[in-house]
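Here are my notes for a first reading of this entry, written as numbered points. Please keep the sequence and the model side by side while you go through them.

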Amino acid sequence: MADTTATASATLTKSRAAPRRRIKSSTIVMGLYLLFLMLPIYWLLNMSLKTNTEILNSFSLWPQNLTFDNYATILTDPAWYMGYVNSLIYVLLNTVISLAVALPAAYAFSRYTFLGDKHLFFWLLTNRMAPPAVFALPFFQLYSSVGLFDTHIAVALAHCLFNVPLAVWILEGFMRGVPKEIDETAYIDGYSFGKFFVKIFMPLISSGIGVAAFFCFMFSWVELLLSRTLTTVDAKPIAAIMTRTQGAAGIDWGVLAAAGVLTLVPGALVIYFVRNYIAKGFALGRV
Amino acid sequence: MVNDRVFGRRRIKEGVWLMSLELKGVSKVVNGQTHIFETDLVLEKGTMNVLLGPTLSGKTSLMRLMAGLDKPTTGKVFWEGNDVTDVKVQDRHVAMVYQQFINYPSMTVYDNIASPLKLLGKTKDEIDQAVRKSAELMQLSPMLDRKPLELSGGQQQRCALARALVKDAGLVLLDEPLANLDYKLREELRIEIPKIFEESGAIFVYATTEPEEALLLGGNTATLWEGRITQFGQTPVVYRQPVDATTARVFSDPPMNFLPVSKVGNRIMFGDGQSAPAAGAMQDLPDGRYQAGFRPNHVEILSHGDHSMEFHTKLMVTELTGSETFVHLDHHGEAWVGLIHGIHDLELGAPLKVYLDPSHVYIFSEDGDLVTPAAYALAA
């Protein structure tokens, strides 16, 4: 009798102990994963708050002489901060143009059948499969000859090449989820197409529009090759400026790191707003 | 008040023609498939019209043509005598409710109901009054500030109905509006719809797959089969005197039972040694082969009248529905269904004698045209 109790209590302890150990191991795995993931970002932040001397001459896990000079340099020097302004201008321009083009296109794909619609729809996606380098040369020559070279709209239009198809795919997925009967009910109620589209349809797919806008923003924000090729001074993006920081005194590590941190901010902000819909967006609205 | 206006319109139109919606030679072909064969139909103002047919029989296609959502491939649509075939759906005076609960999810119930009125350019007070009245009628008053998706299915459909009614449209199309609701709500709304209809004075068109629903709604019924209207007339008349076997099959749930018969002299031979005297129009017809049809509820297994015929069948399946029993019978290879009152303990696979009163039998030609309706139907 006593034996059984002992065994029972032993099993009990064992079974109690087992899950605790499992939680621990998963915490360790998660912790390590996060550590590796966040390390480069932390190191960037760390560097941005150090002086160049400290960066080059010592190894420290956190800034010994905390300084915000690097950020001050960027935010006061037009050569630096105009890079952000330029990037934001063409990225926002591109997002607006992409959505304005993609909304009617996606509606047509989701609601009507027309000759070759399926082929056209797939062909749109293949545009994303070509590396931007392929298009750099034709764009460069084309924009130079029509006087668009080194303008924001030039980069915005060039980025439409891959953002419009993406936005069409995402929006079409969301639109397909809206029953066609809603359109018809609206027409019967007396809505014109335009009024229906803006007042009833767009609120219904607002999360899709948000996700599409996010993807357009993100891809346009991180794209370097086209934006660097098509600009020289007036519309030069921040990423291009960051790759040319070698001065007479060598590389200005601290400022470069600060620029890196600031570059992360807009993307992180946008991600925060659409965080609940991103998974659906990656599935092109087809969840 | 609504009625006055409608009658007023009637008076103006008096002497012209009271009909309101007319389909003339209308057909619809989509991708080489004929959804609606050439159809002529006149629906009169202030009538309830049921489109009865199984799924894919063309009910919805026909409604879309009436509403103006689709353009007919051939033929014309007239509204109060005017050709409206090419008039956009926005400019027609119609309202429609779908089987799915279709509301505008981003608007509150109030705004949903108000939206057609806003588009008509009504004043705020007018809109408010009309919305509250129809919400009252649909028992939606406490939910006016909520979004449609926060409501139950029945309430969502009430919201859609309220939106359709508030517009005071001349033509209200209801496409199986109760099909997605649970049993109790269906019963409730089914009672309410004819009431609402009586108040409105518009043309109501109500599509359904269920014969029972058509009978409860009354009015007129058009039976549809594979893109054709097989019969259109007052609901009880269509039910009692279907023009052909197809209509009888559509307007009967479970479907009507058939068996081949032959007329010899003055008698109709039913097989199994059973026969009945030829009555009515049957007397003047030549001898030969015909089809007899009878509804499942006329099959009897215990009590039977003196003139009843007796058939030997095999019992295949029974279904209990509380107070009634469905019996699926095998009569020499033909499947029959009987609907019998009460609960019966019957042995499956065993022979079963069933009885049929000749006055309950319809006679159709071999091609399916009605030759003579059942005697009970003529008497009713």
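1. For chain A, UniProt (in an unreviewed entry) places the feature "transmembrane region" at residues 26–45, 88–109, 121–140, 152–175, 196–222 and 253–274; the positions are given in the numbering used here, feature names are shortened, and such annotations may be inferred rather than shown by experiment. Among these spans, residues 121–140 of chain A are 75% helix and 0% strand, with their end C-alpha atoms 27 Å apart. Residues 253–274 of chain A are 95% helix and 0% strand, and there the end C-alpha atoms lie 33 Å apart. Helices (H or I, at least four residues) and strands (E, at least two) are DSSP runs, numbered from the N terminus.

2. Before going further, note that this is a predicted model, in which local features need pLDDT of at least 70 and side-chain atom pairs count only at pLDDT 80 or more, while totals for chains, interfaces and linings use all residues. Residues are numbered from 1 along each chain as its sequence is written, and chains are lettered from A and ligands numbered from 1 in the order in which they are written.

3. The domain assignment of chain A gives domain 1 (2–48) and domain 2 (70–282), with bounds that come from an automatic or database domain assignment. Four residues of domain 1 of chain A are in contact with seven residues of domain 2 of chain A, where contact requires that the C-beta atoms, placed from the backbone, lie within 7 Å. The side of domain 1 of chain A that touches domain 2 of chain A has three nonpolar, one polar and no charged residues. In this classification, Ala, Val, Leu, Ile, Met, Phe, Trp, Tyr, Cys and Pro count as nonpolar, Asp, Glu, Lys and Arg as charged, and the others, Gly among them, as polar.

4. Between the chains, 17 residues of chain B are in contact with 14 residues of chain A. On the side of chain B that touches chain A, β6 (94–97) and α3 (109–119) of chain B each supply at least two residues. By class, that side of chain B comprises 13 nonpolar, four polar and no charged residues.

5. Strand β6 of chain B also belongs to an open sheet of six strands with mixed pairing, in the order β6-β7-β8-β3-β9-β10 (chain B); two strands pair if DSSP finds at least two bridges between them. Its edge strands are β6 and β10 (228–234) of chain B, each pairing on one side only. Neighbouring strands of this sheet are turned by 15° against each other on average, direction ignored. Four bridges join β6(B) to the parallel strand β7 (residues 171–175) of chain B, and within this pairing Val94(B) has Leu171(B) as its bridge partner.

6. Helix α5(B) lies across β6 and β7 of chain B and runs at about 170° to β6(B), whereas helix α2 (residues 59–67) of chain B lies across β3 (48–52), β6, β7, β8 (203–208) and β9 (220–225) of chain B, at about 155° to β7(B). For such angles, axes are lines fitted to C-alpha atoms, for helices over the stretch in contact, and angles run from 0 to 180 degrees between N-to-C directions.

7. Another open sheet of six strands has antiparallel pairing and the order β13-β12-β11-β14-β19-β20 (chain B). Strand β12 (residues 267–271) of chain B is joined to β13(B) by four bridges, the two running antiparallel, and Arg267(B) stands opposite Pro277(B) in β13(B).

8. A cis peptide bond, with omega about 0°, joins Asp253(B) and Pro254(B), and Pro254(B) sits in the loop between α9 (245–250) and β11 (257–264) of chain B. Glu80(B), in the loop between β4 (74–79) and β5 (82–83) of chain B, has a positive phi near 50°. Because it has 17 C-beta neighbours inside 10 Å, Glu80(B) counts as partly exposed; a residue is buried with 20 or more other C-beta atoms within 10 Å of its own, exposed with 12 or fewer, and partly exposed in between, the C-beta atoms being placed from the backbone.

How values were computed: Two residues are in contact if their C-beta atoms, placed from the backbone, lie within 7 Å.
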